[in-house]
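Colleague: I am new to this structure. Please take me through its features one at a time.

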Amino acid sequence: MSATVVEGVAATALRSVLHRVRQAAEQSGRHAEDVRVVAVGKTKPVSLIQEIYDAGHRCFGENYVQEIIDKAPQLPDDIRWHFIGHLQSNKVKSLLAKSGVEPSDSIELAKHVRLGCPNLEFSGLMTIGMPDYSSTPENFKTLFKCRTEVCKVLGMAEFQCELSMGMSNDFEQAIKMGSTNVRIGSTIFGPREYPKGQ
Ligand SMILES: *Cc1c(COP(=O)(O)O)cnc(C)c1O
């Protein structure tokens, strides 16, 4: 019983988020179609992700490797998975190295993840803002400028480079500041519960 209630809530929350995305896009003279909504289901059960899928959503994000490996095979294969963790960042590679894991392990890990999940995408430039997961307009502006610089150096058109910024608490502002990719977890799936001690 209670599971049914929870699932209904998630689908309703998705619709509300999509509506808010559309409004924020229109208010800033953009098209809602230019903003991808990545539903972040980390720590959430496959059944809840399936519910959002059944509501028509196809784009999902995970930021723990193990979860994407576990969940992807249990879900329809036309889901577009976005890995939003830190696998590729040098900072984390050096953290891994410090904890005794060789950086090459994370590359092996990435290959592994791709093998298990071919429809996996790594996003473009991403910010998660402050440690409390709220971003400021400065974060967003910095990333926006950063894209301009990166694209100049790489000789890429800016529209080819995703700007992944904006989460549950700040996605409307991020859209107004040019985000092409908002990553929304708790507003769709409800608050995350971590095991005690984490
Ligand atoms: C968990 C997570 C999100 C989603 O956060 P919410 O505040 O629940 O929307 C977005 N991006 C990253 C990188 C995350 O780890």
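Modeller: Start with the elements. Helices (H or I, at least four residues) and strands (E, at least two) are DSSP runs, numbered from the N terminus. Gly 61, for example, lies in strand 2.

Colleague: What kind of model is this, and how are residues numbered?

Modeller: This is a predicted model: local features need pLDDT of at least 70, side-chain atom pairs count only at pLDDT 80 or more, and totals for chains, interfaces and linings use all residues. Residues are numbered from 1 along each chain as its sequence is written, and side-chain values use heavy atoms, with hydrogens and water left out.

Colleague: Is Gly 61 buried or exposed?

Modeller: First the cut-offs. Buried means under 20% relative accessible area, exposed over 50%, and partly exposed in between (1.4 Å probe, protein chains only). Gly 61 counts as buried because its relative accessibility is 0%.

Colleague: Where is Ala 13?

Modeller: Ala 13 belongs to helix 1 (residues 2–27). Its relative accessible area is 16%, so Ala 13 is buried. Along the chain, 173 residues separate Ala 13 from Ser 186, yet their C-alpha atoms are 9.6 Å apart.

Colleague: Which residues are buried in helix 2?

Modeller: In helix 2 the buried residues include Val 46, Leu 48, Ile 49, Glu 51, Ile 52 and Tyr 53. After helix 2 comes Gly 56, with a positive phi near 110°.

Colleague: What is the phi of Thr 43?

Modeller: Thr 43 is not a glycine, but its phi is positive, about 70°. Thr 43 sits in the loop between strand 1 (36–40) and helix 2 (46–54). With a relative accessible area of 29%, Thr 43 is partly exposed.

Colleague: Which charged ends sit over rings?

Modeller: A charge sits over a ring if NZ of Lys or CZ of Arg is within 6 Å of the ring centre and within 35 degrees of the ring normal. Arg 58 lies over the face of Tyr 53, 3.5 Å from the ring centre. Arg 147 has its charged end over the ring of Phe 144, 5.4 Å from the centre.

Colleague: How many residues surround the ligand?

Modeller: A residue is near a molecule or strand if one of its heavy atoms lies within 4 Å of it. The ligand is surrounded by 13 residues, and the closest are Lys 42, Asn 63, Ser 168, Gly 185 and Ser 186. For the make-up of this shell, Ala, Val, Leu, Ile, Met, Phe, Trp, Tyr, Cys and Pro count as nonpolar, Asp, Glu, Lys and Arg as charged, and the others, Gly among them, as polar. The shell has six nonpolar, four polar and three charged residues.

Colleague: Which atoms lie 2.8 Å from an oxygen atom of the ligand?

Modeller: A backbone N or O atom of Gly 185 is 2.8 Å from a ligand oxygen atom. So is an N or O atom in the side chain of Arg 192, at 2.8 Å from an oxygen atom of the ligand.

Terms used. Polar contact = N/O pair within 3.5 Å; in protein donor to acceptor, adjacent residues only side chain to side chain.
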